[in-house]
Amino acid sequence: MSRLHFEAVDDATLEEWRHVHNAIIPTDPLSLEDVRERRQRFHLELGYAGDVLAGCSTVRPPMDDAGTATVIVRVLPEHRRQGIGGEFFQRELEHARAMGSKVIETVVLESNQDGLRFALSHGFVEIERYVLPGHTIPFIDLRLT
């Protein structure tokens, strides 16, 4: 039995999802309206260790002929290195595959070294680095091999 439980983001939990996103990606903070809009296009979930918020996820469904989906799992620092990220990632990978994905990608902010190590240790390889306009820290796109 899992020690985690997961909930799809709804109107009552938009702020919780936003909190985790903005804590992990402080260079590109989202407003509640941004999260509301993303919820319309993507699968957003929250992960809890017991009753405590541990992380959030985004699954962007395939939108190209290659069937590429993007799976992003963000775990708050105090919940890392406890198996939470791995369990969360496997769950969201299943969501992506159920959406028809054939290729899985993720994106990590370069300054999130824990997230980068996690992705590399789970079979992802770097395919691109880019800096958003007005930013200084690159994002890294990775593909599951």
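Predicted model: local features only at pLDDT ≥ 70, side-chain atom pairs only at ≥ 80, totals over all residues.
**Figure 1. Phe-89, Phe-118 and Phe-124 form one aromatic cluster.** A pair of aromatic rings is described by the distance of the centres and the angle of the planes. The structure has 4 aromatic pairs by this rule. In one of them, the ring centres of Phe-89 and Phe-118 are 6.2 Å apart and the planes stand at 85°, so this pair is edge-to-face. Because Phe-89 belongs to helix α3 (residues 84–98) and Phe-118 to helix α4 (residues 113–121), the pair ties together parts that are 29 residues apart in sequence. Phe-89 is buried, with a relative accessible area of 4%, whereas Phe-118, at 25% relative accessibility, counts as partly exposed. Phe-89 also pairs edge-to-face with Phe-124, at 5.7 Å centre to centre and with 65° between the planes. This second pair links helix α3, which holds Phe-89, with strand β6 (residues 124–130), which holds Phe-124, across 35 residues. Phe-124, like Phe-89, is buried.

**Figure 2. The charged end of Arg-60 sits over the ring of Phe-42.** In this view, the charged end of Arg-60 is 5.6 Å from the centre of the Phe-42 ring.

**Figure 3. Asp-11 and Arg-39 are joined by a salt bridge.** Side chains of opposite charge can pair when their charged atoms come close. The structure holds 12 salt bridges, and in the one shown here the N to O distance between the side chains of Asp-11 and Arg-39 is 3.0 Å. Since Asp-11 lies in the loop between β1 (4–8) and α1 (14–24), while Arg-39 lies in helix α2 (residues 32–41), the pair ties together parts that are 28 residues apart in sequence. Asp-11 is exposed, with a relative accessible area of 56%, and Arg-39 is partly exposed, with a value of 22%.

Figure 4. Arg-18 counts as partly exposed at 23% relative accessibility, and Glu-15 is partly exposed with a relative accessible area of 38%.

**Figure 5. Arg-80, Arg-81, Asp-114 and Arg-117 are linked in a network of salt bridges.** Arg-117 is partly exposed, with a relative accessible area of 44%, and Asp-114 counts as partly exposed at 26% relative accessibility.

Conventions:
Residues numbered from 1 in each chain as written. Heavy atoms only, no water. Phe/Tyr/Trp six-rings, centres within 6.5 Å; stacked < 30°, edge-to-face > 60°. Helix = DSSP H or I, 4+ residues; strand = E, 2+ residues; numbered from the N terminus. Buried < 20%, exposed > 50% of the residue type's maximum accessible area, 1.4 Å probe, protein only. Lys NZ or Arg CZ within 6 Å of the ring centre and 35° of its normal. Salt bridge = Lys/Arg side-chain N within 4 Å of Asp/Glu carboxyl O.
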